[in-house]
Amino acid sequence: MNNILRIEMKSLFNKFSSKMSIFVTIIFGLFLGVANKANADPSCAGIFEYALVLLIFLSAIPGFYISNDFTKNTIRNKIITGNKRINLYLAKFFAVSLFFLVCMILFVVSSIISNFILIGTTGINKNAFLYGLILLLFCIIAVSAITTFIAMSLKNELGSLASLLLMYMMMIFCMIGMELFNNSDVMKLICDILPISQLMTLNLVEVPKNVLIKVLYSVGLTLVLTVGGVLIFRKTDLK
């Protein structure tokens, strides 16, 4: 497991698209400080909104990385050399999770530094920021599970676009749903479960509600998709 995990992490992070994505996240973080300076806002406003946008578009990178393994048939070679399918699936999931996590850490750190230098961070509600980071962490894990599941299930070039489109559709669905069915308990439950929707409710002014429940939703979604993905991949015919 350790060996295949190192291989998958190296393969993902050494890609030019991954390196460019990491660079872009840092630029986004620095830009956020400039924008808040222009608005004279020391609360570091927009950090979670930018994180949401980044997470949606970044999902295409690991999606392409996984689907590329199938199109070039290198995934079959990895299995032939003795790697168990469950280990290979989990290695890809952990690699994708680490990729998202690195990007988000760099984004948050660069945005905080930029705000601190340019205008200060006196307007930040520390509790809202802390709980927001906790939700962001588990949302990243859930999004990683979704991205891995889709790419490993489709097994072709659509895996990269499907992840991005699904994240975008989730965001649009929750925006329209909460606007049209704001009083619906079912819609609120759906929005609480979906990681993209959780990020949409975060800000640095108010402490998010039901943090523990939303974390449990993300953990549950991750477990369901990961177990389901492993079972599907074990039955997949690799020609």
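Author: Phe31, Val34, Ile105, Val109, Ile113, Phe116, Ile117 and Leu118 make a nonpolar surface patch of about 770 Å². The model is a predicted one.

Reader: Which helix gives the largest share of the nonpolar patch?

Author: H6 does, with six residues. Helix H2 (16-38) and helix H6 (85-118) each supply at least two.

Reader: What makes Ile113 partly exposed?

Author: Its relative accessible area is 44%. Buried ends under 20% and exposed starts over 50%. Ile113 falls in between, so it is partly exposed. Ile113 lies in helix H6.

Reader: How many aromatic pairs does the structure hold?

Author: Seven. In one of them, the rings of Phe13 and Phe99 have their centres 6.0 Å apart.

Reader: Why is the pair of Phe13 and Phe99 called edge-to-face?

Author: Their planes stand at 70 degrees. Phe13 is in helix H1 and Phe99 in helix H6, so the pair ties together parts 86 residues apart in sequence.

Reader: How do you know that Phe13 counts as buried?

Author: Its relative accessible area is 19%. The cut-off is under 20%, so Phe13 is buried. Phe99, at 0%, is buried too.

Reader: What makes the aromatic pair of Phe31 and Tyr50 tilted?

Author: The angle between the planes is 50 degrees. Stacked needs under 30 and edge-to-face over 60, so this pair is tilted. Phe31 lies in helix H2 and Tyr50 in helix H3.

Reader: Which residues of H1 are buried?

Author: Ile4, Leu5, Glu8, Leu12 and Phe13. They cover an arc of only 155 degrees around the axis, which puts them on the same side of H1.

Definitions and conventions:
Residues numbered from 1 in each chain as written. Predicted model: local features only at pLDDT ≥ 70, side-chain atom pairs only at ≥ 80, totals over all residues. Heavy atoms only, no water. Buried < 20%, exposed > 50% of the residue type's maximum accessible area, 1.4 Å probe, protein only. Helix = DSSP H or I, 4+ residues; strand = E, 2+ residues; numbered from the N terminus. Arc of directions from axis to C-beta. Patch = residues over 30% accessible without salt bridge, like charges linked within 9 Å, V, L, I, M, F, W, Y side chains within 5 Å. Areas by Shrake-Rupley, 256 points an atom, 1.4 Å probe, with all protein chains shown as cover. Salt bridge = Lys/Arg side-chain N within 4 Å of Asp/Glu carboxyl O. Phe/Tyr/Trp six-rings, centres within 6.5 Å; stacked < 30°, edge-to-face > 60°.
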